[in-house]
Amino acid sequence: MENTRETIAPGSEVAIIVGCGHAAGELATRLREQGWAGRVIMIGEEPHLPYQRPPLSKGFLEGKTGLSDLFLKPQATYDLAQIEVILNTRVEAIDRTNRTVTLSDGSSLQYTKLAIATGGRQRPLPGADTARAEACDNFHYLRTLDDALKIRELLKAGKRMVVVGGGYVGLEVAATAIKHGLQVTVVEAGPRLLGRVTSPAMSAFFEQVHCQAGVDIRTGTLVEGLEFDGLRVVAVRSHAGERIPADVVVVGVGLLPNTGLAEAAGLAVDNGILVDAFCVTSDPDILALGDCCNHPNPVVGRNIRLESVPNAVEQARSAASTMCGQGEPYRMVPWFWSDQYDLKLKSVGLCEGHERIVMRGTMEGRAFSLFYLKGKRILAIDTINRPQDFVMGKRLVGERIEVDDDALIDESTPLNKFFTASL
Ligand SMILES: Cc1cc2nc3c(=O)[nH]c(=O)nc-3n(C[C@H](O)[C@H](O)[C@H](O)COP(=O)(O)OP(=O)(O)OC[C@H]3O[C@@H](n4cnc5c(N)ncnc54)[C@H](O)[C@@H]3O)c2cc1C
């Protein structure tokens, strides 16, 4: 699509969206749905239209999800909605005084409203060997479609894969790789898997599942260095002196929010671009949404930065409404999912600060829910293969319904009993 460079005529509005990821794609189409009549221009540095990242470590990596299924919308939808998409182009700077963005091709565009949806980038593996490893074709992070395509090529039975990082993405890659017949080792620096996101009970469950599937899990193991043979990483060395041979290394050690553009423009940033309940930054004409922003969450009761598709979609809804003058605040209960083997994990709420855990169902049956409680209220729920508990759980957490432990445990008591009891 040809880039347009003219200045804004009086009365004609221009919405510029920085980034072409999940939040950006949702925002662009919602702006049209909610009546934005002016131009909509979406600018992304990747060569692709907005796509879903979750399948990159699940169905797409496994080969079950096709490439065309990843895209949020086909080009024809953007054309029809008169959404201008500029790919392979970075936004390099924001000039707030002149309401202009400068692009990597040297051109500039004027905006009336600007939305920053720049997501995040992989946290690099700490250590002196990382720069050399990043030039090797068997060492990868997994953030983009192009990363996934490269890793998929390396999933060959019998190869040895070392996954650094026992978070969701690392474990999903491990589950997919072991299904493909690779020998997989997961190296996690913390004392347990999923340490940042769930309870020790759930971590122990996932560790057992992966061990049973044949994954070699090494928690409490810090990567100290890498060994090379020319342009290949051949082993990972731990702080304890272990040498773990590797044909493929995949690193998933967290995400750094892309806030550089906002910081350089003088916007308030603190672990993400700070926004209010309407996705507005410290500049009233600039919004931010998705993984890159830090918002006041009404359910959790404090500011948080979330890295999830449901959050990106909800913020796109709220941002579109704000830009169109309707101002619908963000109101989502945080939730997330992960697929590993036959397990569908769905989590709602944040479990930090819980006083006790109550379980419904059984871990042996691979269908259970853990309820994280404080007083009579549920702060969070992790459900495994129990979609109904998740649906009810979203309401129980979001509406701060009071519950009692015995009824939660008792499978014969439907969870919707608590709604009627609270009336
Ligand atoms: C492998 C993987 C698995 C995941 N699994 C799940 C899951 O199971 N469930 C779930 O809820 N979430 C999952 N996530 C997280 C989810 O994909 C993200 O939360 C979501 O993509 C956030 O959307 P976003 O638009 O904020 O950022 P992104 O989708 O990352 O998009 C940001 C875009 O902005 C571009 N950009 C950055 N800076 C600039 C610039 N200056 N100029 C132009 N373009 C720029 C980036 O290149 C990128 O394309 C997963 C993520 C990954 C990587």
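Which domains does the lining of the second largest pocket draw at least three residues from? Domain 1 (14-121 + 256-323) and domain 3 (342-422) each supply at least three, with bounds taken from an automatic or database domain assignment.

This is a predicted model, where local features need pLDDT of at least 70, side-chain atom pairs count only at pLDDT 80 or more, and totals for chains, interfaces and linings use all residues. Residues are numbered from 1 along each chain as its sequence is written, and side-chain values use heavy atoms, with hydrogens and water left out.

**View 1. The second largest pocket has a volume of about 190 Å³.** A pocket here is an open set of points on a 1 Å grid where a 1.4 Å probe fits, with protein on both sides within 12 Å along at least five of seven lines; lining residues have an atom within 4 Å of a point. Among the lining residues are V299, R302, E352 and R400. Strand β26 (residues 377-384; strands are DSSP E runs of at least two residues) gives the largest share, three residues.

**View 2. Helix α9 (residues 309-323) is largely enclosed, because 14 of its 15 residues are buried.** Buried means under 20% relative accessible area with a 1.4 Å probe, protein chains only. After α9 comes G325, with a positive phi near 85°.

**View 3. T112 sits in the loop between β6 (108-110) and β7 (113-116).** T112 counts as buried because its relative accessibility is 16%. A polar atom of the T112 side chain lies 2.6 Å from the backbone nitrogen of V14.

Terms used. Points joined across faces, edges and corners; volume = space filled by probe spheres on them. Helix = DSSP H or I, 4+ residues; strand = E, 2+ residues; numbered from the N terminus. Buried < 20%, exposed > 50% of the residue type's maximum accessible area, 1.4 Å probe, protein only. Polar contact = N/O pair within 3.5 Å; in protein donor to acceptor, adjacent residues only side chain to side chain.
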